[in-house]
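User: Hi, I have a structure open and need a quick tour. Can you help me read it?

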Amino acid sequence: MYQQKIEENDKYSLIVKKAGFEALTPFQKKLVEVASGNKYIIAETKEGCGKTLGMVLPVITNTDFSFHGLKSIIIASSYESAVKINTLLKKLFQKKVTSLQSVVANSDRNIKKDSRMLSKQPDIFISTADSIIDQIRSNNISFEGIQSCIIEDSDIDDYYSFEKDIEFIFSKLSGKQLFIVFTKENKHNYSFYQLFKKPITINCPETGEEKIMDNSFIKNIVTEIKETSDIKDLVEIRKITRQNVPFFVRSYFSAWLLKKYAEQNGYNLQTKSNEEKNSDLKTIFINIGKNRRLYSKDIAGMVLSSKVAEKSDLKRIRVFDSYSFIDVTSSKAEAVIGVINNVTFKGKKLNADYAKKQQK
């Protein structure tokens, strides 16, 4: 059992590393632990929980490959979110962390295009609820081998319609699948929760908790060593360290152990250099969003085609219903605003400026 636990931890560590992260967040750790023994999970998420990787981990680690065909459906709250999830899965597939192949539904709900993708029998289909229902009604999708159903409600505006869509999809499933709902607020008491048998609810750590590894974090460890540790045990461990760790490597060895201890306790290892990097970004506000069919690729296309900035200068693009934000390298912010501002996009004049929180 102990050896199995080590292998599981190594497996998760490899996935996290290949995904480009340092370690599992406390939320992700709890999620994979609960998903290994429970079928119905309600996961309350907040900014910084690690939701996207959290949605992918249970699918990767709980898949039975004996069935050939569609094994999982991920119901995203928006097309942009579906693309983000698919991008992560593709990255892990390319790095050979998983052999699961995923596809994402078309943004324009093109039933024929989605049907052709599904006919190739991918392992995972990522889509909004309405696109999945289109495929069900067209008899283009089989739920025979579905093992997990992951649901996200983050960007939902009409909760009643969303609830009815999920109920319809559930009616086509056997109920034996792993079901995980990723929700921002558990106050939405969906009627489909009644179909869950003994659901488990997990939460992100409270945002008010201190989770930055700073001087006080290290001072607390020093105090604990002085006041509660068995010095004899520490002397023996120090002897082992001296025997096995070269003198010039010991400071790095101590730093590595401190880093691992902080990660295991859910602390954010944000160093000064990372903070400086973040301070070198400016957030730009754009006055339209998804309601006008403006998407991340459109914003990126405008900027990159103008050649006023490189792809590496565009750090994050967030598109909401009525407005959008783009985080860009400070030195390129003015030029990016100049490119986007006053452009006519699908009959609507774009206005771009610094986000209010950064305006002086």
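Analyst: Let's go from the whole chain to single elements. One note first: this is a predicted model.

User: Fine. How many helices and strands are in the protein chain?
Analyst: The protein chain has 13 helices and 13 strands.

User: And what share of the residues is buried?
Analyst: Of the 360 residues in the protein chain, 39% are buried. The accessible surface is about 21300 Å². Carbon and sulfur atoms account for 50% of that surface.

User: What about contacts between residues at least 6 apart in sequence? How many join residues at least 24 apart?
Analyst: That share is 72%.

User: Let's zoom in. Which residues touch the most other members in the largest nonpolar core?
Analyst: They are Ile-74, Ile-85, Leu-89, Leu-92, Ile-126, Ile-180 and Phe-182. The core has 37 residues.

User: Which elements supply at least two residues of this core each?
Analyst: Those are α1 (2–18), α2 (26–35), β1, α3, α4, β4 (124–127) and β6. The largest share, six residues, comes from α3.

User: Now β6. Are its residues buried or exposed?
Analyst: Buried: strand β6 (residues 178–183) has six of its six residues in that state.

User: Which way do they point?
Analyst: Leu-178, Ile-180 and Phe-182 point one way from β6. Phe-179, Val-181 and Thr-183 point the other way. In a regular strand, side chains alternate between the two faces of the sheet.

User: Which strands pair with β6?
Analyst: Strand β1 (residues 40–44) pairs with β6 in the parallel sense, over five bridges. Strand β5 (residues 148–152) also runs parallel to β6, again with five bridges. Ile-180 in β6 has Ile-41 opposite. Ile-150 stands opposite Ile-180 too.

User: What do β5, helix α7 and β6 make?
Analyst: A right-handed β-α-β unit, with α7 spanning residues 159–170.

User: And what is Phe-182 in contact with?
Analyst: Leaving aside neighbours within four places in sequence, its contacts include Phe-27, Leu-31, Ala-43, Lys-51, Met-55 and Ile-150.

User: New topic. Where is Ser-78?
Analyst: Ser-78 is in the loop between β2 (72–75) and α4 (79–94).

User: Why does Ser-78 count as buried?
Analyst: Its relative accessibility is 6%, and buried means under 20%, so Ser-78 qualifies. Ser-78 touches Thr-128, Asp-155 and Lys-290, not counting residues up to four places away in sequence.

User: Last stop, α13. Which of its residues are buried?
Analyst: In helix α13 (residues 330–340) they are Ala-333, Val-336, Ile-337 and Ile-340. They cover an arc of only 100 degrees around the axis, so they sit on the same side of α13.

User: What is exposed on the other side?
Analyst: Ser-331, Glu-334 and Gly-338 are exposed there.

User: And what covers the buried residues of α13?
Analyst: The cover includes β8 (281–286), α12 (296–306), β10 (324–329) and β13 (352–354).

User: What comes up just after α13?
Analyst: Asn-342, which takes a positive phi of about 75 degrees.

How values were computed: Residues numbered from 1 in each chain as written. Predicted model: local features only at pLDDT ≥ 70, side-chain atom pairs only at ≥ 80, totals over all residues. Heavy atoms only, no water. Helix = DSSP H or I, 4+ residues; strand = E, 2+ residues; numbered from the N terminus. Buried < 20%, exposed > 50% of the residue type's maximum accessible area, 1.4 Å probe, protein only. Contact = heavy atoms within 4.5 Å. Pairing = 2+ DSSP bridges. Right-handed = clockwise from strand over helix to strand, strands pointing away. Areas by Shrake-Rupley, 256 points an atom, 1.4 Å probe, with all protein chains shown as cover. Core = buried A, V, L, I, M, F, W, Y, C linked by side-chain atoms within 4.5 Å. Arc of directions from axis to C-beta.
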